[in-house]
Amino acid sequence: MPISFGPRHFAVAFWCACSVQSFSSVLPLYVAAGRSSSSSLHSSTSFTPTTTVTTSTMMTPAEKLAALREHMKENNLDVWIVPTDDPHLSEYVPEAYKRREFLTGFQGSAGTAVVTSEEAFLWTDSRYWNEASLQLDASLWTLKKAGLPSTPSIPQWMAQQSQKKALQIGMDPFVHPASFPKEIKTALEEEGVEELDQIQIKTITTNLVDQIWKQRPAVPTSPWRVHPLEYAGMTWQNKVTKVRRAMKEKKATMAVFSTLDDVAYLLNLRCQGDIDTCPVGIAYATVTMDTVTLFVHEDKMKVSPEEVHQHLQGVVIQPYDSIVEAVQQHVEGTEKAKVWLDASRANYALTLVIPEKSLLDAQNAITPMKGVKNRAELEGMREAHIVDGVAMAKFIAWLQETLKERSVSEVEIDQVLTGYRAEQKGFNEVSFPTIAGVGPNAAIIHYRATEGSDILKYLDTTQPILIDSGGQYSYGTTDVTRTWHFGTPTAEFVDAYTRVLKGNIGLDQMIFPENVPGFVLDVYARQALWQVGKDYGHGTGHGVGAALNVHEGPHSISPRFANKEGLKKGMIVSNEPGYYEDGNFGIRIENLLELRYVKPELNDEFEKEQLREPSLDDQNQDAASSDEKKFLHFQSLTMIPIQKNLIDVSLMTESELDWLDSYHAKVWENVSPRLTEGTPEYQWLKTSCEKIDRNVH
């Protein structure tokens, strides 16, 4: 599934890392409305269910804005910011935190609303421009197309507005990155604003949207489950030892983990039900040199099985809402306290209680550990992609036969495909909402089909369909896109499809030194499209978690030069070039790739090193034993054929055709033993994996 050029908080403009206190001279007003004590900060995210008020009529979009503006007026605010985020800056958020969707009606997974006393704006990136245009009430909301040269970022817009008058900007500190103030300061300086106190930030811990959202859902408290060692590859105790070793090197006294996948990875926990499609639970975690603490709601622990309680022996359980107080107490009660926290991935409220001298703002220790998979995690991911190939073979065989009799709705396609995945051992849920777009709907990059929608379409043999989907299995996570056409495609479509495929193959065939950043490789996925003046507006590749979130850092492949994270052995990345024509069609071909050393013996050496018992004092345990320059290549994880009759062979090189035949041979070798000979899916796979006819023009 594609991501934007920037991080998910793209609409709020590439938050920069900073300490809050270092900015206090520029933004003098950090006031929690009502109460200014630190205890009031964490009270705003209490898990106490919101009181449900039954009303006979739903609020209209205009009524919502009017009600919000009344609360803004009461708090003397010129601007109120409504991001997509929850307190953990999650990509997908529980219903209780979909404040931006409630207010705007826009359902995309990325975007930020900005409301003034007279205007209302929505910033979102190119993946969602079509969707936002369809869902926003244009009489109330103005769409800001983030990423266009003519569109200022939100901080830049604020800086521009502040030149007209001083601004009081209100925000809930729990749903903004800790790096927010630094971005405002940078924008002011770039706009040449001499009076840097023209913008004052007012933190309000009782979110203003909640005050008008009378039927806000309760925050979920689904049970944990243990992620077994056979899939995790390392005990949580050993992971903590590695974290402490990194803390010792950085002289940190506490490490704070705020993002949900960091917490799940650290403690080998998974959860289903808190965040749709993401196997994570709502919690924070901290590590000191003698204590590991999980901050989680009591109800969540009550409903978790005894196995979880046994698994967490040695972990201190504290109330979810006490995280801010715990950090503050550590700072105040620890000599030479140094709190290690990644400000770009933690909420603003956490850093408000950490003095500048006590804040270590840097990539946390879990991020690189999670990004580089161990042997057990890689084996699980490979298995997940094989069973995913089985499910897709059954689905396409069904779809192909069904289309001979009738058309099929996008919603039914989603449901049937999920059903075939659900037949596979270890399937838990989809890894993201399935994108099944027929014809022009495929050009809506994160399209989601729903019954009753004005744009819902039915697939027949006259139009192509783009299907981007994946599964969450107990042992791995999948994400694959294929574009299909079961009739006769146009010459324009075939040309574009072939160029997208050439880009996919071009990236897949790369050999490059370890630690090369992903942006260096991005051009290889775009070259064939660029040759005819075409391009796509999203990144080419994102990291993927091992039985975790489908979007995972720290690495990526995109034109965004800011991400200089080097690619390493054991990382997994998507390869998904595309091409989209609004109102016509969309094409994307996506495989997940595993990074491996070119020399096989180096892979063995690396994986053996990962199996070593970690030591708190071993400073070189994660380093390779040789100073030899190492080269990487990609190995395909995805085991799903690419439709051959959509390819213009005359545009393909012999090397590219060889790659295609080799890829299909690998798919056949891995998937066919899982199918019953003579079945429709077996025959479809066999035909699909045959060598391509190189004489077709």
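Predicted model: local features only at pLDDT ≥ 70, side-chain atom pairs only at ≥ 80, totals over all residues.
Q: How do you know what kind of element Pro554 is found in?
A: Pro554 is found in strand E25, residues 552–557. Strands are DSSP runs (E, at least two residues), while helices are DSSP runs (H or I, at least four residues), and both are numbered from the N terminus. Residues are numbered from 1 along each chain as its sequence is written, and side-chain values use heavy atoms, with hydrogens and water left out.

Q: What kind of peptide bond joins Gly553 and Pro554?
A: A cis peptide bond, with omega at about 10°.

Q: What makes the phi of Lys336 worth a look?
A: Its value is near 55°, which is positive in a residue other than glycine. Most residues other than glycine have a negative phi, and most peptide bonds are trans. You will find Lys336 in the loop between helix H13 (323–333) and strand E13 (339–341).

Q: Why is the pair of Phe102 and Trp213 called stacked?
A: Rings of Phe, Tyr and Trp (its six-membered ring) pair if their centres lie within 6.5 Å; planes under 30 degrees apart count as stacked, over 60 as edge-to-face and the rest as tilted. Here the centres are 4.8 Å apart and the planes are at 15°, so the pair is stacked. Phe102 sits in helix H3 (residues 99–104) and Trp213 in the loop between helix H7 (208–212) and strand E7 (224–226), 111 residues apart. The whole structure has 20 aromatic pairs.

Q: How do you know what to call the meeting of the side chains of Arg345 and Asp262?
A: The N to O distance is 3.0 Å. A salt bridge is a side-chain nitrogen of Lys or Arg within 4 Å of a carboxyl oxygen of Asp or Glu, so Arg345 and Asp262 form one. The two lie 83 residues apart, with Arg345 in the loop between E13 and helix H14 (348–351) and Asp262 in helix H10 (residues 260–267). The structure holds 33 salt bridges.

Q: How many salt bridges are counted between domain 1 and domain 3?
A: The count is zero. The domain bounds, from an automatic or database assignment, are 61–212 for domain 1, 224–370 for domain 2 and 375–614 + 627–684 for domain 3.

Q: What is the area buried between domain 1 and domain 3?
A: About 850 Å², with 54% from carbon and sulfur atoms. Buried area is the accessible area (1.4 Å probe) that two parts lose on being put together, summed over both. In domain 1, Tyr92, Arg127 and Asn130 lose the most area to domain 3.
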